[in-house]
Amino acid sequence: MPTELALTLIWSLPFLAAVIAMAMPAGARNGEAWLAGTVAAVGLVLTILLFPQVADGGVVHSTITWMPAYGLDLAFRMDGLAWLFCVLVTFIGLLVVLYARYYMSPKDPIARFYALFLAFMGAMLGLVMSGNIIQLAIFWELTSLVSFLLIGYWYHRSDARDGARMALVITGTGGLALFVAMMLIGHIVGSYDIDVVLASGRLIAEHPLYPVTLILFLLAAFTKSAQFPFQFWLPNAMTAPTPVSAYLHSATMVKAGVFLMTRFWPVMAGTDMWFWIVTYGGLATLLFGAYAALFQRDLKGLLAYSTISHLGLITTLLGMGTPLAAVAAIFHIANHATFKASLFMAVGIIDHETGTRDVRKLSGLRRSMPFTATLAIIASGAMAGVPLLNGFLSKEMFFTETAIYDPNVFVNLSLPIVATLAGMLSVAYSIKFVHGVFFGPEPTGLEKTPHEPPALMRRPIELLVLACLAVGIIPGITIGPYLAAAVVSVLGGDTPYYSLSVWHGFNLPLIMSIIALLGGVAIYVPYYRRLRGIDGDPLLRGLRGQRIFERLLITATNRWARKMVSVFGTQRLQPQIFIVVLLALAAGVGAGWARMGNLPLPSSFDPVLGLVWIVGGVSALAAAWQAKFHRLAAMILMGGAGLATCITFAWFSAPDLALTQLLAEIATTVLILLGLRWLPKRLPVPEDISIGMRLRRYRDVILAAAVGLGTGLASYAIMTRQAPEGISEFFLANAYTEGGGTNVVNVMLVDFRGFDTLGEITVLGVVALTVFGLLRRFRPAPDSADRPEQQRVQADFAEAQGSANVAADFLRIPALIMNWMFPVVMTVAIYMFLRGHDLPGGGFIAGIVMSLGFILQYMAGGTRWVEDRLRILPVLWIGWGLLIALLTGLGAMALGFPFLTSAFAYADIPLIGKVPMATALLFDLGVFALVVGATVLMLIALAHQSIRRPKPASTPQPRKREGLDTWN
Amino acid sequence: MELTLAIAIAVLAGSGVYLLLRPRTFQVIIGLSLVSYAVNLFILSMGRLRMDAAPILSGANANPADYTDPVPQALVLTAIVIGFAMTALFLVVLLAARGLTGNDHVDGKGN
């Protein structure tokens, strides 16, 4: 099999299988397990097959180019270190799948579990195999995200949700820091390719940006690997199902942080800053984790703190910066994964078979669960560092490294002493685990009678414990070559000589080991009764990272947020608009003040235009004056201002605009007329105006006047200046030759800027559908629900007179004329449409004309009369319009031109003459149909409310917002 | 000529903004329309004012200097149509809000 394909399969199969797992039926426990197990097994086999290629510092690549210009590719590479991690991820993944098959209850949503499990596997493999550092950060985030979902797997439990959220906030913050760190590294090195970065030597460490990069980088590594002071998320993540804890939170994901530090060790380590932060951060974690683990009564809590402690050990080793320490770190990564995963599984079995993980309730389980007990005892031995087990070897190497003489007295003393102390504590908590659970009297008061689990559930633990023993006794044969490959991939030519043998003679590290073992026993034996009952350590209980974190989170997301809302927020629209207008004015004045210059005196005056605008201006002012109490009058006055605008368009050589303005004005007027009926009656009674209200009005008048003055000045200043060289000449020069039309505005709309127009008609269609949707559930206010007063008076009068309803004959003659005009209006619309390309007109104008023709019929005959005779399906018009416009554009693409390219020719049609036949005309047809549909839909939907007799809104109480304190 | 149009724009914008700041929804809708007139005229004036020079070509090989600037016109045409759609949407939202809150105040409160 080609290497590249193997690499691609290793990381992509889990993702693919995750999708399949999600789609499988809820109860398919075996199917899911087989799927996940097969994927893990295939990944493991493929990885193992690749070993010969990475054995001697070789690197295998597979690159899928994505954005090569930016150095962003989907690149994967496997070297010895990645190989070791891939084996850990797939091998332990395989075992955990088998284990989870028995652990998970049939009631759990199993598809989600396996889908997330597989997605995690893919993310983790992608992370360790990343050949691009940006991609590495992405996969890093992905593992955080999946970890969040898996911790919150039982999301009905609040502790699971809290733990998940905390893990996401902490590791997500780290992920963000990593992203920035990676970009900085990319900036320093000049490439995102990991090979280039690793080959850059001391470039990063000597760059001025190194401190910032390192802090961000370590923030990521420390949060992910639960290093002090970010360790507290890991114990809270133990609310996840135990297979998840065994896989993510001990064997693989939490190793990502130390993986990162190992990966970049050659280029980042070796500085003073690195030494002090990493070594002592790790040392603090090592000691704190071991200390806290001793006081846990939850077995998973004990293992979680132990994991923190061991991660601290690895971090300390990486911090020391010597090649031998790096060897020990890599070795311990593998060792810890084997014994800790098996211990988690053992605890899961105990939990499963007894119903509790509380060490106070458990004892004497060796009688009822002899096999599990034996396995757990051996694994605990490895955790404590007992000789002939794998944990002993790497711990011994750790002691050797700490005991090396350092000229700094503090370093020289603190390292070996803290290491030995932590070793003692880890022996003590291992004994507590073994002695408390498996020895002593028979347990009492358990929910279930303890017994051995199914044999297959125990099989994964057996395999892992076997690995612990094999590595512990014959390390040179079992792990030797693989460790060597990983070490060479990190250290390259600097790889020192190291010995994996069990016996190194009677030396200082051995003495430290013996002190640790004896000291651990000495700590445990006198106090074991008190240790059994205690929950939480007596010294540091008050200072819990979790509580600080929660307080910070509450302060930041709740208290500050509330404060921000109360300071900057308002539920009132009026002040918001005031501030928006004020800011806009300030921005305009700020931008224009300096550039205003000297304004020239007016050169010409046109009395007719002046007259038009005396009418227009007075209309606008009067509309502003009257809009509160005289809505109809205000609307008519607004129409006056609109007409003045329309005349101005015509005046200044914009016939298309004048036409469009006129027609849109008519449509708007009809629309508002239809809506007026639903507004509350407002009588111009002399109101009791308070001083505050009066002041507010003056304030608004001043602001409005300022805005008016500003816009007026700005437009005068611009109009009296020479126009800059624009893009208009291009359109004027090419409209006819390229677009085939003489009406440049229309050619621009349907050809040059066709994409823009496509977007615009889409908006128009969306608005029409929204209007339609809003009106379908329209509930008028109760006082508007009845028929209007005029109609009622009319009906009462008619009844009193004993005559027929006069309203039926209302506007008879105009109505007849409107009926007759229908074909004429249609003809005008078609005419406007056809000539649009060469003369004023086009799809927009023709569309509004056409829809006004329809509306005229509604006004003349009434809704029912029209709909008995003419069925307009506006939604279809909208749909077809959009489709035609879109297909015209796609047609160009089908012929190999860019989207919306138009072609044209003149067709000679008998009797009519030469007609321009551009594909732009087809596009314009789409515009036309959509405008007809949208306008008619909006008008008709509103008109229908009058015959619908809609239910009034039930309680016209303004909705009270709930108090702010309840929204969290 | 320029001064007339500038004053027109000023008056339209001023009355429009005053109405935008009023508490009743109907006032706001009229205000929005007035402001859009002002803005449309303003955009048109960006191409400088020309009379009797519509952007209708009289055939190929035209001299661009003989015609008015078509770019602001195309922009304003779009703006007019969108303005119509906006007015329609706002009107319907206004009516729905009036039904739901029982009043026509922009804040949904008051009488």
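Predicted model: local features only at pLDDT ≥ 70, side-chain atom pairs only at ≥ 80, totals over all residues.

Modeller: A salt bridge is counted here when a side-chain nitrogen of Lys or Arg lies within 4 Å of a carboxyl oxygen of Asp or Glu. By that rule, three salt bridges cross the interface of chain A and chain B. In general terms, side chains of opposite charge can pair when their charged atoms come close. One pairing joins A:Arg631 to B:Asp104, with an N to O distance of 3.4 Å.

Residues are numbered from 1 along each chain as its sequence is written, chains are lettered from A and ligands numbered from 1 in the order in which they are written, and side-chain values use heavy atoms, with hydrogens and water left out.

On the side of chain A that touches chain B, helix H30 (residues 691-719) of chain A gives the largest share, 15 residues. Helices (H or I, at least four residues) and strands (E, at least two) are DSSP runs, numbered from the N terminus. That side of chain A has 67 nonpolar, 30 polar and 17 charged residues. In this classing, Ala, Val, Leu, Ile, Met, Phe, Trp, Tyr, Cys and Pro are nonpolar, Asp, Glu, Lys and Arg are charged, and the others, Gly among them, are polar.

As to extent, 114 residues from chain A and 84 residues from chain B take part in the contact, which means heavy atoms within 4.5 Å. About 8,500 Å² is buried between chain A and chain B, and carbon and sulfur atoms give 76% of that area. A:Phe652, A:Met719 and A:Leu732 supply 9% of the area that chain A buries against chain B, more than any other three residues. Buried area is the accessible area (1.4 Å probe) that two parts lose on being put together, summed over both.

Chain B may be taken next. Its secondary structure consists of three helices and zero strands, in the order α-α-α from the N terminus on. The C-alpha trace of chain B spans about 65 × 30 × 15 Å along its principal axes. An unreviewed UniProt entry annotates residues 6-21, 28-47 and 74-97 of chain B as "transmembrane region". UniProt positions are given in the numbering used here, feature names are shortened, and annotations may be inferred rather than shown by experiment. In the model, residues 6-21 of chain B are 94% helix and 0% strand, with end C-alpha atoms 22 Å apart. Residues 74-97 of chain B are 100% helix and 0% strand, and their end C-alpha atoms lie 34 Å apart.

Chain A contains 40 helices and four strands, and its C-alpha trace spans about 115 × 70 × 60 Å along its principal axes. The radius of gyration of chain A is 40 Å, whereas a compact globule of 968 residues would have one near 30 Å. One local detail concerns A:Ser653, which has a positive phi of about 60° although it is not a glycine. A:Ser653 is found in the loop between helix H28 (631-651) and helix H29 (655-676) of chain A.

Notes: Rg over C-alpha atoms; globule rule 2.2 N^0.38 Å.
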